[in-house]
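Hi everyone, thanks for coming.

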Amino acid sequence: MPTQERDRVIALAGMFQSARLVQQLARKGYTDDAAFVCSINSILKLDADDTESVYGGLQGLRLGLQTMRDKLGGDTDKDDLEMARYVIGVAQLERKLSKDENMLHGMSTGIATIQSQMDFFQAETDDDSIHPNLIAKLAELYKQTLSTITPRIVVQGEQAYLSNSNTADKVRACLLAGVRSAVLWRQLGGRRWQLLFRRSRISEIAHTLLQDTDKPAPSV
């Protein structure tokens, strides 16, 4: 498959993964740890060598690839409309963000500042988890920037989870990750009409990428 087409599907999987994470957090209060770490880290990888490197490889994107493959391939359920709204919502936020130079500058500066603090936060953890302070700072950046754009993304779920400040911060950070993927997707030629008219092709590529993640690593 053409490299740009493959990369575009990877970025779109990032958007679907963020949407699924938001849905899980809002409805269950917890989410897939590996997918969450992958999506949050992608926000800070602004100078990656290639699209796959933004996500640290395809393994962390399995949730997004699986979700996109199934939903665009025809495996639907009652929650799909909600998740589709999140995907379209982050795409709309990105389009409006791209036209606001002041906000773009503020976000770029904010991410650079958070990125410079990342080593300090992560030094306090002994695994690959995301430090709560990092999540809180990303959530605050979202509140100060993207949440001021209308129409705002309204997250639906259990109030007991959404009223929990830690969970709410994770939701905002995931939405920020979704917008980061939407920026990448559009840079690679992604357009909303593709979600309607190229659903089968996107699902097929996602399936191929998932098969790649199942291959054993080469011996050294």
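First, a word on what you are looking at. This is a predicted model, where local features need pLDDT of at least 70, side-chain atom pairs count only at pLDDT 80 or more, and totals for chains, interfaces and linings use all residues. Residues are numbered from 1 along each chain as its sequence is written, and side-chain values use heavy atoms, with hydrogens and water left out.

Let's start with charges. How many salt bridges are there? The count comes to eleven, where a salt bridge is a side-chain nitrogen of Lys or Arg within 4 Å of a carboxyl oxygen of Asp or Glu.

One of them joins the side chains of glutamate 5 and arginine 201, at 3.0 Å from N to O. This pair links distant parts of the chain, 196 residues apart: glutamate 5 sits in helix α1 and arginine 201 in helix α11. Helices here are DSSP runs of H or I with at least four residues, and strands are runs of E with at least two, numbered from the N terminus. Is glutamate 5 buried or exposed? Glutamate 5 is buried, because its relative accessible area is 10% and buried means under 20%, with exposed over 50% and partly exposed in between (1.4 Å probe, protein chains only). Arginine 201, at 25%, is partly exposed. Both belong to a network of salt bridges that links Glu5, Arg198, Arg201 and Glu204.

Other salt bridges stay within one helix. Lysine 143 and glutamate 140 meet at 3.8 Å, N to O. They are three residues apart in helix α7, residues 132-144, so about one helical turn separates them. Arginine 172 and aspartate 169 meet at 3.7 Å, N to O, and they too are three residues apart, in helix α9, residues 165-187. Here arginine 172 is partly exposed at 26%, while aspartate 169 counts as buried at 18%.

Now for the inside. There are two cavities of 30 Å³ or more. On a 1 Å grid over the protein atoms alone, a cavity is a set of points where a 1.4 Å probe fits but cannot get out, and lining residues have an atom within 4 Å of a point. Points are joined across faces, edges and corners, and the volume is the space filled by probe spheres set on them. The largest cavity holds about 80 Å³.

On to the cysteines. A search of the whole structure finds zero disulfides, a disulfide being a pair of cysteine sulfur atoms within 2.5 Å. For cysteine 38, the nearest cysteine sulfur is that of cysteine 174, 11 Å away. Cysteine 38 counts as buried at 6% relative accessibility, and cysteine 174 is buried too, at 0%.

Finally, the surface. Trp193, Leu196 and Phe197 form a nonpolar patch with about 410 Å² of accessible area together. Patches are made of residues with over 30% relative accessible area and no salt bridge; like charges are joined within 9 Å, and nonpolar side chains (Val, Leu, Ile, Met, Phe, Trp, Tyr) within 5 Å. The areas come from the Shrake-Rupley method with a 1.4 Å probe, and for residues only the protein chains shown count as cover. Leucine 196 lies in helix α10, residues 192-197, and is exposed at 59%.

Definitions and conventions: 1 Å grid on protein atoms, 1.4 Å probe; cavity = no way out; pocket = protein on both sides within 12 Å on 5 of 7 lines; lining within 4 Å.
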